[in-house]
Amino acid sequence: MTKAYVFPGQGSQYPGMAKDLYDSLPEARERFEAANEILGFRITDIMFGGSSDDLKATNVTQPAIFLHSVILAESLDDFRPDMVAGHSLGEFSALAAAGAISFEDALRLVAIRAREMQKCCEKVPGGMAAVIGMDNAAVEKLCLDTPGIVVPANYNCDGQVVISGEKEAIAAACGAAKAAGAKRALPLAVGGAFHSPLMEPARLELGKAIEATKIQEPCCPVYQNVTARPETDPEAIKANLLAQLTSPVRWTQTIGNMLVDGADWFCEIGPGTVLQGLVKRISGGMAETCGVSGL
């Protein structure tokens with residue numbers, strides 16, 4: 001059996017997330033308390049006792065999902081991946097779990113990424129929408145033909161592409177998608193236009209932080225969002241992490257390549273079950289899937 005572990009991105013958070021880890025494992029509790037110190041606020045109070053709205057703030061959501069995922073992976077006795085991947089933010093979790101970046105350094109990068117992305121959201125209001133029932137090429141042409149900034153942001157699975165960009169352009173693209181026969185074109189409840197050119201201002205500070213971070217060869221190949229290909233070279237990992245800010249998440253292609261390379265068992269580690277569903281659709285049910293969200 002070839003084991004692939006996948007790590008979720010923004011949107012998988014929920015109130016009370018990871019509290020069982022904190023309450024049950026002293027090692028996990030130490031990690032969470034160290035995270036509170038690094039972040040400069042008690043994120044655990046928000047994760048364990050905050051509302052859904054409290055968890056939606058980007059500077060909370062991203063580190064919260066990272067912490068849940070990585071600390072959970074560390075707590076598993078049988079975590080021995082043959083390959084890993086993460087959806088957007090989840091790529092940082094995957095890299096930390098695979099030993100390419102230390103827990104502390106990865107958390108600092110996630111915090112900087114969240115902060116700089118939030119600044120972009122406040123500077124130029126943007127949004128995202130899911131287009132369902134159109135093939136990739138049709139969605140790509142739709143974006144090119146729509147005035148303003150709108151681009152494919154997440155290739156989640158065949159027939160499901162998320163677009164990202166200026167709010168007016170998103171609204172226009174959704175209308176055009178429905179007119180072209182899309183089953184659905186739904187605006188998403190997100191804070192901004194992630195994985196689009198509107199995130200470009202975040203590149204400077206995140207780029208400095210990534211360049212200053214020690215990244216070493218992971219214990220297994222990491223399939224990165226930008227290329228959908230396996231990577232182990234630290235310099236290539238750094239370049240792909242930065243490019244991810246304004247590039248699409250090629251999840252359909254990533255899972256497809258993992259399958260071609262022999263993966264027949266996928267385990268989602270962290271909050272939520274979204275990735276399990278996507279893997280089932282991409283693999284046509286040919287790969288075994290499971291999820292671990294707690295003890």
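Me: Helices here are DSSP runs of H or I with at least four residues, numbered from the N terminus. How far apart are Arg 108 and Asp 105 in helix H7?

Reply: This is a predicted model. Arg 108 and Asp 105 are 3 residues apart in helix H7, so about one helical turn separates them.

Me: What makes Arg 108 and Asp 105 a salt bridge?

Reply: The rule asks for a side-chain nitrogen of Lys or Arg within 4 Å of a carboxyl oxygen of Asp or Glu. For Arg 108 and Asp 105 the N to O distance is 3.2 Å. The pair therefore meets the rule.

Me: Why can such side chains pair at all?

Reply: Side chains of opposite charge can pair when their charged atoms come close.

Me: Why is Arg 108 called partly exposed?

Reply: Buried means under 20% relative accessible area, and exposed means over 50%. Arg 108 has 41% relative accessibility, so it counts as partly exposed. Asp 105 has 25%, so it also falls in between.

Me: How many salt bridges does the rule give?

Reply: The count comes to 12. One of them joins Arg 31 and Glu 104, with the closest N and O atoms 3.2 Å apart.

Me: What does the pair of Arg 31 and Glu 104 tie together?

Reply: Arg 31 lies in helix H2 (residues 26-39), and Glu 104 lies in helix H7 (residues 103-123). The pair therefore ties together parts that are 73 residues apart in sequence.

Me: Are Arg 31 and Glu 104 buried, partly exposed or exposed?

Reply: Arg 31 has 24% relative accessibility, so it counts as partly exposed. Glu 104, at 30%, counts as partly exposed too.

Me: How do you know that Glu 116 and Arg 115 form a salt bridge?

Reply: Their side chains meet at 2.9 Å, N to O. The cut-off is 4 Å, so the pair qualifies.

Me: Which class of accessibility does each of these two residues get?

Reply: Glu 116 has 5% relative accessibility, so it counts as buried. Arg 115 has 40%, so it counts as partly exposed.

Me: Why are H10 and H11 called roughly antiparallel?

Reply: Angles over 145 degrees count as roughly antiparallel. The axes of H10 (residues 203-212) and H11 (residues 234-243) cross at roughly 160 degrees. H10 and H11 are therefore roughly antiparallel to each other. Their axes come within 10 Å, and the crossing is right-handed.

Me: Which residues meet where H10 contacts H11?

Reply: H10 brings Arg 203, Leu 206, Gly 207, Ile 210 and Glu 211. H11 brings Lys 238, Leu 241, Leu 242 and Ala 243. By class, the contact has 5 nonpolar, 1 polar and 3 charged residues.

Me: What makes the phi of Ala 18 worth noting?

Reply: Ala 18 has a positive phi of about 70 degrees although it is not a glycine. Ala 18 is found in the loop between strand E1 (3-7) and helix H1 (19-24).

Me: Why is Ala 18 called buried?

Reply: The cut-off is under 20%. Ala 18 has 1% relative accessibility, so it counts as buried.

Me: What about the phi, location and accessibility of Ala 228?

Reply: Ala 228 has a positive phi of about 65 degrees, and it is not a glycine. It is found in the loop between strand E7 (222-223) and strand E8 (230-231). At 1% relative accessibility, Ala 228 counts as buried.

Technical notes: Residues numbered from 1 in each chain as written. Predicted model: local features only at pLDDT ≥ 70, side-chain atom pairs only at ≥ 80, totals over all residues. Heavy atoms only, no water. Axes fitted to C-alpha atoms, helices over the stretch in contact; angles between N-to-C directions. Helix = DSSP H or I, 4+ residues; strand = E, 2+ residues; numbered from the N terminus. Parallel < 35°, antiparallel > 145°, perpendicular 65-115°, else oblique. Left-handed = near helix turned anticlockwise from the far one by under 90°. Contact = heavy atoms within 4.5 Å. Nonpolar A, V, L, I, M, F, W, Y, C, P; charged D, E, K, R; others polar. Buried < 20%, exposed > 50% of the residue type's maximum accessible area, 1.4 Å probe, protein only.
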